[in-house]
Amino acid sequence: MKSKTVKMVSAAAVLAVLCGAYAGVKSYVSSQEEKEAEEADQSVSVVEMNADDIVSVAFRSEDDGEVTLEKEDDSWVKKGETEFPLSQDTVSGAVSGIASLTADQKLEETADLSEYDLEEPENEITVLTDDGEETTVQVGMMNSSSQYYVKKAGDDETVYLVSSSSLDPFMGSVYDLADAETFPSVTSSTITQVKVDKENGYELKQNSETLGWDISDGKDTEKADTTQAGTVTSAIGSLMYDEFVDYNCTDEAEYGFDDPYAVITADYTVEEEIEADTDDTEASEEDDTSTDESAENESGDEDAIDDTAEEETTSEDTADVESSENSEETETVTRDEELIIYVGDETDGSRYVKVNDSNQVYTISEDSLADILDKTIADFYDLTVSYLTVNNLETMDIEAEDGSHEVQVVRETTEDEDSEETTTSSYKLDGKEIEETAFTTFYNKVINMTGQQRMTEEYDPECDPAYTFTLTDTDGEEILVKYYEYDASFYAAVVEDRVYLVNKMDVRDMDGAYQEMIAAEEVETEENTDDSGTGSEEDPSENEEENTEELSDNAIEETDTEASE
């Protein structure tokens, strides 16, 4: 019994030791975690002020020297230039940041301030409260972790590492604190005309009939390549300001606006909803009311109407009136707007710009302007050689090595039982009908021919054309195109004064379709000849029958003659 008691006491003692050890380990771990957290979070307060008490903040601006912002009637203004368009929200945020400035780390033993560019600070930010308390933060160099070395004026013993985000509002231009305009919102699909006035400029205009684009150099106008035109309108619709430079430009020569590098003018449309004119509606309602009143006066006995029906009618009328009052009548109108962009001198990969009649100057990157300004009229040339839909084709004259040919389109219109007209087309080559597929395959090769480039210099062919096509439409208008061998890689397709360099392989495909069309016509001609020859041979049995009938007729005639004699 005694032995068992001793064992129980020993177990209890061991348990107590273990519990104590566990408590000690837990306490040690907790203290280590707290220590590590303290080491990890070395943040320390640099400035502690109430932002609402600050009445001025002074700093060095990279473009305007010493700048002081003052609070007047709860609004921030630039000292000595109260018309400067400060952004109240931006300034308030910047002031709040400096009022409760916190460092990521506090450095000790910083005897040599020149190591941090604090011997001659990059900037000094001074804040003043309404009770006269002044605090100046001196800013030195920035390290590789985007932290500034800073110290407080009068304390050369302590240097702090502060995140750049807390100080950046005061480290650049005063225009970083300005209330900048946004670039006018223009949707590319609403642009109807673009004019770029510069050396080798151009003018794009939407064609109201074809809904495509025309290109002009101010003298001649022709169809423009749709893709290239879309590149320009999309670039205009995507323009954005980069930097705010000047809120009130008084010297245009300073930015190159006295002799602009370019002037971009874009015409576009804007849709807006306005209240519809309801005067006519109200007048009509008044007329109806007066008519009803006179009718009631003329027939007094009609007032004896069923009460239930009258209540229902009144109820419906009230609902209609409420519905009419709740639904405002509006209509959509379209108005024309104009955007003028003045493009000035170059500056660090951008150009100065100002818009319309605004005196504010901004920059836009040259990359953003490239799709508008780097183009010449040649970039917009439509490289389709001679397009005319087959539905509008009347005749096609062809001159090739094998001679001259003419294709004529024959159209026939029929009506069905519902008097709906249907037009069908057939084709004749040199007066003989040919298979539709053979012709349309060749014709599509001709009208879909595109050049790889358009020649701008004068072209004087040294040989006869390999092909000459004359396409005449249903209105009698003609398109004449000639193909000349140009070099080992290209044919020169000439249409009026336009010369396209066409890949030889494309012309070879067109020639193959042409040969198949001619071959198909020859086969059809041979078949017609065979049919005609077979029909001209006489069947002997048919001849015998015809001879027998002739003899019988002669015998009858002879018998009749003898009987009459």
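This is a predicted model: local features need pLDDT of at least 70, side-chain atom pairs count only at pLDDT 80 or more; totals for chains, interfaces and linings use all residues.

Residues are numbered from 1 along each chain as its sequence is written, and side-chain values use heavy atoms, with hydrogens and water left out.

Me: Is Lys354 buried or exposed?
Reply: Lys354 belongs to strand 18 (residues 350-355), strands being DSSP runs of E with at least two residues, numbered from the N terminus. Buried means under 20% relative accessible area, exposed over 50%, and partly exposed in between (1.4 Å probe, protein chains only). Because the relative accessible area of Lys354 is 8%, the residue is buried.

Me: Which class of aromatic pair do Phe469 and Tyr483 form?
Reply: Rings of Phe, Tyr and Trp (its six-membered ring) pair if their centres lie within 6.5 Å; planes under 30 degrees apart count as stacked, over 60 as edge-to-face and the rest as tilted. Phe469 lies in strand 25 and Tyr483 in strand 26, and both residues are buried. Their ring centres are 6.0 Å apart with the planes at 70°, so the pair is edge-to-face.

Me: Over the ring of which residue does the charged end of Arg454 sit?
Reply: A charge sits over a ring if NZ of Lys or CZ of Arg is within 6 Å of the ring centre and within 35 degrees of the ring normal. For Arg454 the distance to the ring centre is 3.7 Å, and the ring is that of Tyr381.

Note on methods:
Helices (H or I, at least four residues) and strands (E, at least two) are DSSP runs, numbered from the N terminus.
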